[in-house]
Amino acid sequence: GAVVSQHPSRVICKSGTSVKIECRSLDFQATTMFWYRQFPKQSLMLMATSNEGSKATYEQGVEKDKFLINHASLTLSTLTVTSAHPEDSSFYICSATQESGGHRNEQFFGPGTRLTVL
Amino acid sequence: AQSVSQHNHHVILSEAASLELGCNYSYGGTVNLFWYVQYPGQHLQLLLKYFSGDPLVKGIKGFEAEFIKSKFSFNLRKPSVQWSDTAEYFCAVNSGGGADGLTFGKGTHLIIQP
């Protein structure tokens, strides 16, 4: 099956530093990747849609200058949380779609990255 | 804008009981509907999906869901639950093209007591 990995699984950083999270599709090419955020005991909220070779599309209320997304290849998207603050502490999850026959209809999720900002 | 409502935030059942988790969505156009499960300490896993055709969809592990367009509902069912079904269940929707991000419900925490 389609596998998506994320690295790191957990990260603790000091306030004001930047953190990069990687999302990789291991056994398929993903033209589109999505980044979600999940607060404790809450649902996933879509942050942005990342298309290979083009700028990411951000959801309303998500600061594009704070959450930098790069989708440099068909198997890798990165999310960089710049100048992180304690309120950025959350669980960040990526997903990827596998384009097959022109249909992109299922998202495969990574295991998530727990970010704690001190 | 799309929205998804899951009626039950916490459900506790005994093994062998029947399960039905409610999900309603709000969207004016064609939608794709999904149920995902998140077992403790694991990542999201797709249980089943609906794009078109037969409104009764069968998924993995004995789960099924029925799309009722007139009620904007996509309820998840299982006739006999097992202890291993203890998990968080999320209903999600995206637009008919299927290329958009998902809008998730708040989730239902299901606990199965042996």
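What follows is a set of questions and answers about this predicted model.

Biologist: How many disulfides are there over all chains?

Modeller: A disulfide is a covalent bond between the sulfur atoms of two cysteines. In chain A, the sulfur atoms of A:Cys23 and A:Cys94 lie 2.0 Å apart, and in chain B those of B:Cys23 and B:Cys91 lie 1.9 Å apart. Each of these pairs forms a disulfide, and the count over all chains comes to two.

Biologist: Which parts of chain A does the pair A:Cys23 and A:Cys94 link, and how many residues apart are they?

Modeller: The disulfide of A:Cys23 and A:Cys94 has 80° about its S-S bond and is right-handed. A:Cys23 belongs to strand 3 (residues 19-25) of chain A and A:Cys94 to strand 9 (residues 90-97) of chain A, so that distant parts of the chain are linked, with the two cysteines 71 residues apart.

Biologist: Is the disulfide of B:Cys23 and B:Cys91 right-handed or left-handed?

Modeller: This pair also links distant parts of its chain, with B:Cys23 in strand 4 (residues 23-26) of chain B and B:Cys91 in strand 10 (residues 87-95) of chain B, 68 residues apart. Because the torsion about the S-S bond is about -65°, the disulfide of B:Cys23 and B:Cys91 is left-handed.

Biologist: Are B:Cys23 and B:Cys91 buried or exposed?

Modeller: A residue counts as buried when its relative accessible area is under 20%. B:Cys23 has a relative accessibility of 0%, and B:Cys91 has a relative accessible area of 1%. Both values fall under that cut-off, and therefore B:Cys23 and B:Cys91 are buried.

Biologist: Which cysteine sulfur is nearest to that of A:Cys13?

Modeller: A disulfide requires two cysteine sulfur atoms within 2.5 Å. For A:Cys13 the nearest cysteine sulfur is 19 Å away, and A:Cys13 is in no disulfide. That nearest sulfur belongs to A:Cys94.

Biologist: Where is A:Pro8 found?

Modeller: The peptide bond that runs from A:His7 to A:Pro8 is cis, with omega near 0°. As for its place in the chain, A:Pro8 is found between strand 1 (4-7) and strand 2 (10-13) of chain A, in the loop.

Biologist: Is B:Ala16 buried or exposed?

Modeller: B:Ala16 is a residue other than glycine with a positive phi, near 80°, and it is found in the loop between strand 2 (10-14) and strand 3 (19-21) of chain B. Because its relative accessibility is 54%, B:Ala16 counts as exposed.

Biologist: What is the relative accessibility of B:Lys61?

Modeller: B:Lys61, found in the loop between strand 7 (56-58) and strand 8 (64-68) of chain B, likewise has a positive phi, near 60°. B:Lys61 counts as partly exposed because its relative accessibility is 42%.

How values were computed: Residues numbered from 1 in each chain as written. Chains lettered and ligands numbered in written order. Predicted model: local features only at pLDDT ≥ 70, side-chain atom pairs only at ≥ 80, totals over all residues. Heavy atoms only, no water. Helix = DSSP H or I, 4+ residues; strand = E, 2+ residues; numbered from the N terminus. Buried < 20%, exposed > 50% of the residue type's maximum accessible area, 1.4 Å probe, protein only.
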